[in-house]
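Please look through the sequence and the model below before reading on. The paragraphs that follow then take up the helices, the sheets, some backbone details and the surroundings of the RNA.

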Amino acid sequence: MIDEELKKGISEVLKSLGLPTEKIIFEHSAELTHGDYSSNIAMTIFSHIQSPHLRQGFGGQAISDIKIPYNLAKRIASEWQKMGLPDFVAKIEAVAPGFINIFFKNDYLLVEAKKAVEKDFGKIKEMAGKKMMVEFAHPNTHKELHIGHMRTLIVGEALARIFSAAGAEVFRANYQGDIGPHVAKSIWGTEKIIKERGLGWEEIEKWSLPEKAHLLGEGYVRGVKDYEDLELAKEIDKLNRQLYKKDPQVMPAYEQTRRWSLDYYDTFYSRFYTKFDRLFFESEVFESGKKIVEENVGKVFEQSEGAIIFDGEKYGLHKRVFITKDGNPTYEGKDMALAPLQYKTFPFDLNVHVVANEQAGYFQVIIKALELLDPIFKDKEFHLSMGMVQMVGKKMSSRTGVIIKVDDLLAEIKEMLQPLFAKGELTEPEKEKIGEALTIASIKYSMLRVGPKQDVIFDLQKTVSLDGDSGPYLEYTYARTQSVLRKAKISNINPSTTLRINGERSRTIKYPISNINPNTEESALLRTIYKFPEIVANAAKEMAPNLVCSFLYDLCQKYNTFYDKHKILIQKSKVKSQKPNFKTEDEVDERTSEFRILLTQAVGEVIKKGLNLLGIESLEKM
RNA sequence: GGCCCAGUAGCUCAACGGAUAGAGCGGCUCCCUUCUAAGGAGUAGGUUGUAGGUUCAAUUCCUACCUGGGUCACCA
């Protein structure tokens, strides 16, 4: 709405000056001193005026005499002023090198700030009613869950929430490799370890889930190692074939270990506030995948050296094997059946595969192959190419066992957090709840603040820092707002205004906010809060939860500065400060106090909603 | 070697083609008799890998090169 009104206004101005009206762009000003919105139109047009072949009769003599963009900006601004500014604009300013800055009225900003915390924030037409499948996490069974999985789990969940806030219908999918050589290796290795240690399956069944899961992880590493031996490799291959054939001899061990993995993963999903609408498994698509590939030999696929391949080189990609010469479908082959199955389950407009960028080449190939098999998938499969998580130089690999286990990591963070809130007057259950919530908040935030495509170097001590730009900082700020509100004991402050925009709104104003000095911390907050819905919309369009992170962080910083400098509540009975140069104000009048409480309320709401979009629970106390 | 991604402060990261390239951590100073100090204020730290090009304007777009990572047939 803002954008349209401003464009309408300025294009009339430009027309009256005989200037072109294409390419009008308004954008949020990067800094508050540059106003709320700004336009570069004067600089864009300027080049037309300067070069004779582009001039084409734009403007009159008075315009073409202008020598620098700044003067053109001044000319446009003064003309606009004369013709009348939109209702919500307080003032405009032409400024070197040629920007036109627009400042909004405070009461308008307050109305917008309130809108930002209403239910339908962040909706955009690009997402309205769109069916979005978000496929993420995909930890394979029988292997260790590592920090890379955790990143896609966290980012996928955040994206799902952001898409949903933007108006999309979201389906959370998880695709897990529960069949194939890695499973054979893991079961092989686990059996060996069990034998060597003189244990029994029944005995292990009594272990805790993490213990069982880690045993499988160890087994996998062992299986990989044994596979290097030619003789043992043959046996493992045999086991693999048996698994594919569902040989009753091996199925009990398979079912049992598979269950261990899945149950173990479930505990993580709930700890991370994720609930999948459907788990897809390789075991349910490998047969139909094989069939689809075989049926399309000669059309999409071809025989080569005993295997069935897709020749991506025809499309500037590379060749890949879809069915091995042993007759087993590879990951690629299975995917040919997965896509139709997913589409049948939820007819998506877009399926976003949140998967590491090391698979970028792979996805290009299978997306191409899918398109050729069925044109319905054209432009509907998207690989969000996630950056890798690396630990201090080394690439993590569950094959070699060089990994950070997720549960170890979480335990360690929790431990680091303990001393921080132990001092408060909290009950034991409260402490436990807060400790867990903060642990998740800090790990999630540290993963989300970086752009999804960016590689990230993981150093436990540094990356999960607990102050500054971190989850706990946001949580702390939120808890602070709630603490103030509890003490304010005012629950129903409603802002109102007589401002009319498009005849939609008409309310009465109660607070003297038009007089707020634009350079104060209050004004800074007012000018930040209302941007929230737009940030959410952008985060959805760009698939970038990090935009929400930086916005929230900025908001929190502004609130904390405000908090430090100004009194919010009227506290009659308090002893007055005896310090002569006490920084914050001593007293606050009733109207100002109400306004500041209102701001606090809005900031709190935005943080809460923003954290929720990131999949982080907000804490009333900490 | 082909293709993909990245290179920004000592470290970890920001910045729809715009204004003085911003934060946090770490370093150095200040601020708790206070509405939550997990906080705030200040200070030091940069030729945005290199060289060209496009543009009124380039960290951002284009080209080449350098460096790092990924990937390139029977693993997932």
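Axes are lines fitted to C-alpha atoms, for helices over the stretch in contact, and the angles run from 0 to 180 degrees between N-to-C directions. Helices (H or I, at least four residues) and strands (E, at least two) are DSSP runs, numbered from the N terminus. The model is a predicted one, in which local features need pLDDT of at least 70 and side-chain atom pairs count only at pLDDT 80 or more, while totals for chains, interfaces and linings use all residues. Residues are numbered from 1 along each chain as its sequence is written, and chains are lettered from A and ligands numbered from 1 in the order in which they are written.

The crossing of α20 past α23 is left-handed, a term used if the near helix is turned anticlockwise from the far one by less than a right angle, with right-handed used if it is turned clockwise. Two residues are in contact if their C-beta atoms, placed from the backbone, lie within 7 Å; here Glu522, Leu525 and Ile529 of α20 meet Leu599, Ala602, Val603 and Val606 of α23. Sorted by class, this contact of α20 with α23 holds six nonpolar, no polar and one charged residues, where Ala, Val, Leu, Ile, Met, Phe, Trp, Tyr, Cys and Pro count as nonpolar, Asp, Glu, Lys and Arg as charged, and the others, Gly among them, as polar.

Helix α23 also packs with α19, at an angle of about 140 degrees and with the axes 9 Å apart. That angle makes α19 oblique to α23, and α19 passes α23 in a left-handed crossing. Among the residues that meet are Leu474, Tyr478 and Leu485 from α19 and Ile597, Val603 and Leu611 from α23. By class, the contact of α19 with α23 has nine nonpolar, six polar and one charged residues.

Another helix pair is formed by α13 (residues 286–295) and α14 (residues 331–345), which pack at an angle of about 95 degrees with their axes 7 Å apart. Helices α13 and α14 are therefore roughly perpendicular to each other. In this contact, Phe286, Ser288, Gly289, Lys290, Ile292 and Val293 of α13 meet Gly333, Lys334, Asp335, Met336 and Ala337 of α14, and the residues divide into five nonpolar, three polar and three charged.

The sheets come next. Strands of a sheet pair through backbone hydrogen bonds, either parallel or antiparallel. Two strands are said to pair if DSSP finds at least two bridges between them. One open sheet has four strands in the order β1-β2-β4-β3, with antiparallel pairing. Its edges are β1 (26–28) and β3 (89–95), each with a single partner strand, so one side of each is left without a neighbour in the sheet. From one strand to the next, the twist of this sheet averages 25 degrees. Six bridges join β3 to strand β4 (residues 99–104) in the antiparallel sense, and Val89 stands opposite Phe104 in β4. The loop between β3 and β4 contains Pro97, and a cis peptide bond, with omega about 0 degrees, joins Ala96 and Pro97.

An open sheet of three strands has the order β8-β9-β10, again with antiparallel pairing. Here β8 (302–304) and β10 (319–323) are the edge strands, each pairing on one side only, and the twist averages 50 degrees from one strand to the next. Strand β8 and strand β9 (residues 307–311) run antiparallel and are joined by three bridges, with Gln303 opposite Ile308 in β9.

Phi of Ala137 is near 75 degrees, a positive value in a residue other than glycine.

Finally, which residues come nearest to RNA strand B? A residue is near a molecule or strand if its C-beta atom, placed from the backbone, lies within 6 Å of it. Of the 86 residues around RNA strand B, those that come nearest are Gly177, Gly180, Thr324, Gly468 and Ser483. Helix α19 (residues 471–488) provides the largest share of the surface near RNA strand B, with eight residues. By class, the surface near RNA strand B has 34 nonpolar, 34 polar and 18 charged residues.

Key: Angles under 35 degrees count as roughly parallel, over 145 as roughly antiparallel, 65 to 115 as roughly perpendicular and the rest as oblique.
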